[in-house]
Amino acid sequence: MSNFQFTNEIRELQSELITEINMTERTNKNTIEALRTFLNRLKELDKLSQKKISLIFVGEKGVGKTTIICRLLNLVYKRKKSKPNGSEFEILEDILQTGSGSTTISQVRIRGVNGQSFIEISPYSANDTLDYIEAFAKYAFSKVHKLPDEVSTLIELPPEIERACRNITKLKVISKGDSRTDLAVELAGKFKREDYKLFLNNVIERSNLDKRTKTVLLFDNDKNVAEIDWLKNTFKEINLVSDDYLPLPREIVIHLGKEIFDFEELPFVNEIIDTRGLDQTKNNDRRDISGFFTSESDNLIVVTDNFVGAPSLTIINLLSTFIYDDKSDIVDKVILMFNFSDNEPNQVIDSDGEVPSEIDGIHSKKDSIILGLSQNEIPFREENILFYNPLRFLNNEKRMVITEDDLEDYSTTEEAKLEKNKIIHFERKVILNKIKNIITQKKISVEQEISKIKKDFYKIKNMSEQDIFTIQVSQLESELQKKNVGDSFNLLKEKMVFFTKTI
């Protein structure tokens, strides 16, 4: 059923309910209350049916969230790389800067646009930026001097923020051969201990914060640069804060033109969100993450983890914090995606020893993941557990590897590359289709709930008060379970309050 059909059916049913509620001869208190409950729920379903979904990627730093997003959206960039002997080879890089962790400086939203691509920056406030610069200055000063008593508290900056502060202040770490020179520490050494404030002012002046006001960057077709190249280079500048006019980004919003990625490949999806990576231990202050789990909006949260060692302790802790009731809506909002590399599934050991194939390794790993989730009493949907190899056939340099076995199967290197690219494209489409199916199932659930409300509405007209009251209590219990009210005492108390209102 389309959004338009959803809306029409909901509006017609709402109209019938309002007419029934307003009927003068309808004085049955329980009936009126039950009909109003139906009406309120229809309002919520109406909002859900019209909303597009945000696909939110959450996971520990370095598990490959950004890489998965780039490969699923085909945000990849071919470039030549030179060997020591001068010959060149082709590598396939992600458009969004990726690395081994702590690479993405902020949350990134990716949306579609009808025209050409552009990028928006939501910067940190002036005060927050100054706080980060001061924390960086304290760190550098403390390497040379004991900090003055009034500023002795050090704040540990996330690596990605420290990197940005170094670029903003032009106080980088310079490597020459085996030696490394920290320009921030070197500058601190030119000041006396009692001159900390003079040092801090020097660092702030270097930042040129008043000039950092550029928050919208537009692709210029006249500059003879391909749109995909512009996206890669511009995102890198923003992520590193390497341009003198760029502010420290709190959030980056990338608007992709249809030639780069057509969001019709993911119907009902409004945006994809790449969250800042979780730390292994410290995530108590991540209100952004908790907001995605506790929000009543119709999102899908893609919890990402590495294949080896899955499920990780970080993910177990995350899921057990927010998912503890099998009947909660949150269970249906979570996709568990495990990122694996070539040959990792083949190295899984089961009861018979090493597994015979990749698919057998994936099945065995899935069983152990299900066991781990069950032992920690974390509800999940087995059909929402996905496995994806975003760097299929690529080595550590992101160069496609052609083996002697490949050349036995295909007559030339180019033919082997062509066939491997077909497999990569096919696997990408499989994951996109699985995500679409999960979204479609959510839409079907809305459709089924509308049908149930309609059926119950027509039944309720001729029911006794006691029958209606039983339905209301059942509805209340269902709603409380969906909102993760797991305490039976609270549930009983709600029922009693409701009972006193209706008798």
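This is a predicted model: local features need pLDDT of at least 70, side-chain atom pairs count only at pLDDT 80 or more; totals for chains, interfaces and linings use all residues.

Modeller: First a definition: buried means under 20% relative accessible area, exposed over 50%, and partly exposed in between (1.4 Å probe, protein chains only). Residues are numbered from 1 along each chain as its sequence is written, and side-chain values use heavy atoms, leaving out hydrogens and water.

Colleague: Is Lys422 buried, exposed or partly exposed?
Modeller: Lys422 forms a salt bridge (side-chain nitrogen of Lys or Arg within 4 Å of a carboxyl oxygen of Asp or Glu) with Glu419. Both lie in helix 14, three residues apart. With a relative accessible area of 46%, Lys422 is partly exposed.

Colleague: How many residues apart in sequence are the parts that Arg109 and Glu251 tie together?
Modeller: Helices (H or I, at least four residues) and strands (E, at least two) are DSSP runs, numbered from the N terminus. Arg109 and Glu251 form a salt bridge, with closest N and O atoms 2.8 Å apart. Arg109 lies in strand 4 and Glu251 in strand 9, so the parts tied together are separated in sequence by 142 residues.

Colleague: Which element has the lowest mean pLDDT?
Modeller: The mean pLDDT of the chain is 86. Strand 15 has the highest mean among the elements, 98, while the lowest, 47, belongs to helix 16.

Conventions
pLDDT is the predictor's confidence in each residue, from 0 to 100.
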